[in-house]
Amino acid sequence: MQENNFEADFLDFGSIPESMGSLLESGQSARSFSKGDIITGKITAKRPDGVQVDIGFKAEGFVPAGEFTKFDEVNVGDEIEVYLEEVENRQNVPTLSLQKALSIKAWNKITTEYGEGHIVKGFMAHRVKGGLMVDVEGFPAFLPGSQLDVGPVRNMDDYLGKEFDVKIIKINVERHNIVVSRRELLVESLRDQRAKLLEEMTVGETRHGVVKNITDFGAFIDLGGVDGLLHITDISWGRISHPSEVLSVGQELDIVIIGIDKEKGRVSLGLKQKSRNPWDDVVEKYPKGSQVHGKVVNIMPYGAFVEIETGVEGLIHVSEMSWTKRINKASDVLAAGQEVDAVVLDIDRDSRKISLGLRQNERNPWEVLAEKYPVGKHIVGKVRNMTNYGAFVEIENDIDGMIHVSDMSWTRKINNPNEILKPGQEVEVVILEINPEQQRISLGLKQVEDDPWANIDQLYKVGDVVKGKVSKIAVFGAFIELSNKIDGLIHISQLSHDRVEKVKDVLKIGDEVEARVIKVDHDERRIGLSIKALGEDFTEADLKAAEEEYTAALKPGEDMVDVGEIFNDESLAGLKLK
């Protein structure tokens, strides 16, 4: 055994003869007394402070009461063995010691018969620095505080005056001291008891235990010699944040064995397993479409978890919180502890997941809108906001419909809604489509009026002379606003018989102009105009030539409308048309 350095107070045995055994065997005569002898004497008198002992000397000796372990059991006439410290002291009486006689006898017995590892009885005598002094058959042995018990000892005084089995763990012959341990015996006993309990335990049985310790992840339960772990997830079918919400140290409870690892000596315990798993019948209790009532127990950015019964939670995703509003965070709508009514959307019993809907408590407003606003119905709404591909118009109750740029004008190609609309403007629109599944409403602005191109041949014919106002100027020509909101294009080649370098040298926005229709293109929805084709002497051949020149100047399919940046852009003045 490895030597331990323990601090203790021991009796000084420097004066004890080395051959202690010879003293026990030698007889004493009335005429022969030597210092260091062990002599048998008889108690002749008992006083509160000690006893008088007759050893056959001319005078009796005295032994203090403190040297007796149980002084109250000492009687006159008892024979005891004492150690002769002095044959005659100053009072001419022998000085006797019961403790030294016992110690010498005990030391010899311990060192010759017992040795290290032997188990003996020990009486907890008194405290010393670092532990207790223990009377082992009369010899004062040292019991370190760390070897007193299995767990930490709060007050060593609680052990004084008691007798326990102890194990001799160190004998130092040179220093005449002995170190003992009670802890090692307890550990061995617990080990044996633990092994026996582990053999007896079976998974699924219920045992009685006491809560020994509580941690963040669970609690350790004393099952009577074996500690088992009750993990936080096995405490309750419901949600708990900390084991202390349900358990307390010292609490007694019946608990289920759910796992045993005999090799590692580990036992897993379950408290919730004492009751039926609530997920076993959730499908029958909460069918799809049924309404449930519960409490919000946890909020995450993507949704809220609602406890509908102990151990059963469902998730309301942010996408299921409102029919009309875009919810970015669940906390914008719900709060922990709030009670809510929800509708069961889906159940996955194997994964223990329930999808709940909050908005399903009310009828889908998009379905109501589809009934209220049939396709073709005219309504008036306010422009809420715009993008580069369309404008959103409020219909009702925060529901918007969108006018795509392609549905804003029959006669003009709109590149950006801000060309004809602005936020806050009230407009009349037509319902083109309502899709409740995709929550989308398509609106038309141009559909409020008839398509002028439907009877364009009655409005404009090649050769007609028309009047209009310059609405836009591009590097390749000028757009003229005609009647019926139709624009015609005077290509730069048709502005004058003379060569024109820049359109703005001849025309500016707002100018009233007169021109002749030289082409009506139904497929491209284009009306070609020419100023230089004016004049009464302009023949059919001239008209034909002007149309060919116009057509050649424009690439088929090329937009003749405003392309945003190119209008009035000086940097594009030299742009050549292909």
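Which strands make up the closed barrel of five strands that holds E26, and what kind of pairing does it have? I looked this up before anything else, in what is a predicted model. The barrel runs E26-E27-E28-E30-E29, and its pairing is mixed. I noted an average twist of 50° from one strand to the next. Helix H7, residues 540-553, packs on this sheet and touches strand E28 (487-491), E29 and strand E30 (526-530). The direction of H7 makes about 80° with that of E29.

**Entry: confidence**

I checked how far the model can be read. The average pLDDT of the protein is 84, and 90% of the residues score at least 70. Over residues 1-31 the pLDDT is below 50, and this stretch has 47 contacts in the model beyond near neighbours in sequence. Residues 557-578 also stay under 50 in pLDDT, with 45 contacts beyond four places in sequence. Where pLDDT is low, the predicted coordinates should not be read in detail. I therefore left the contacts of such stretches without further reading.

**Entry: strand E26 and its partners**

I went back to E26, which covers residues 465-474. On one side I followed its pairing with strand E29, residues 512-521. The two run antiparallel and are joined by five bridges. Lysine 469 stands opposite glutamate 512 in E29, and valine 465 has arginine 516 as its bridge partner there.

I then followed E26 to strand E27, residues 477-481. This pairing is antiparallel too, over five bridges. Isoleucine 473 stands opposite alanine 478 in E27. E26 and E27 form a hairpin, with two residues between them. I wrote down the general point that strands of a sheet pair through backbone hydrogen bonds, either parallel or antiparallel.

**Entry: another closed barrel**

I found a closed barrel of five strands running E21-E22-E23-E25-E24, with mixed pairing. Its twist averages 55° from one strand to the next. Helix H5 (residues 365-372) packs on that sheet, where it touches strand E22 (390-396), strand E23 (399-404), E24 and strand E25 (440-444). The direction of H5 makes about 60° with that of E23. Strand E21 (residues 378-387) and strand E24 (residues 426-435) run antiparallel and are joined by five bridges. I noted isoleucine 379, whose bridge partner in E24 is valine 429.

How many residues of strand E7 are buried? E7 spans residues 131-136, and six of its six residues are buried. I traced its partners next. Strand E6 (residues 119-128) pairs with E7 in the antiparallel sense over five bridges, and phenylalanine 123 has aspartate 135 in E7 as its bridge partner. These two strands form a hairpin with two residues between them. Glycine 130, in the turn, has a positive phi of about 90°.

Strand E8, residues 139-144, is joined to E7 by six bridges, and the two run antiparallel. Methionine 133 has phenylalanine 142 in E8 as its bridge partner. The hairpin of E7 and E8 also has two residues between the strands, and there glutamate 137 takes a positive phi near 55°.

**Entry: rings**

I counted seven aromatic pairs. Why is the pair of phenylalanine 217 and phenylalanine 220 called edge-to-face? Their ring centres are 6.3 Å apart and their planes stand at 90°, so the pair is edge-to-face, for which the angle must be over 60 degrees. Phenylalanine 217 is partly exposed at 41% relative accessible area, and phenylalanine 220 counts as partly exposed at 29%.

I closed with charges over rings. The charged end of lysine 46 sits over the ring of phenylalanine 71, 4.8 Å from its centre. Arginine 182 lies over the face of phenylalanine 164, at 4.3 Å from the ring centre.

Definitions and conventions:
Residues numbered from 1 in each chain as written. Predicted model: local features only at pLDDT ≥ 70, side-chain atom pairs only at ≥ 80, totals over all residues. Heavy atoms only, no water. Pairing = 2+ DSSP bridges. Helix = DSSP H or I, 4+ residues; strand = E, 2+ residues; numbered from the N terminus. Axes fitted to C-alpha atoms, helices over the stretch in contact; angles between N-to-C directions. Contact = heavy atoms within 4.5 Å. Phe/Tyr/Trp six-rings, centres within 6.5 Å; stacked < 30°, edge-to-face > 60°. Buried < 20%, exposed > 50% of the residue type's maximum accessible area, 1.4 Å probe, protein only. Lys NZ or Arg CZ within 6 Å of the ring centre and 35° of its normal. pLDDT = per-residue confidence, 0-100.
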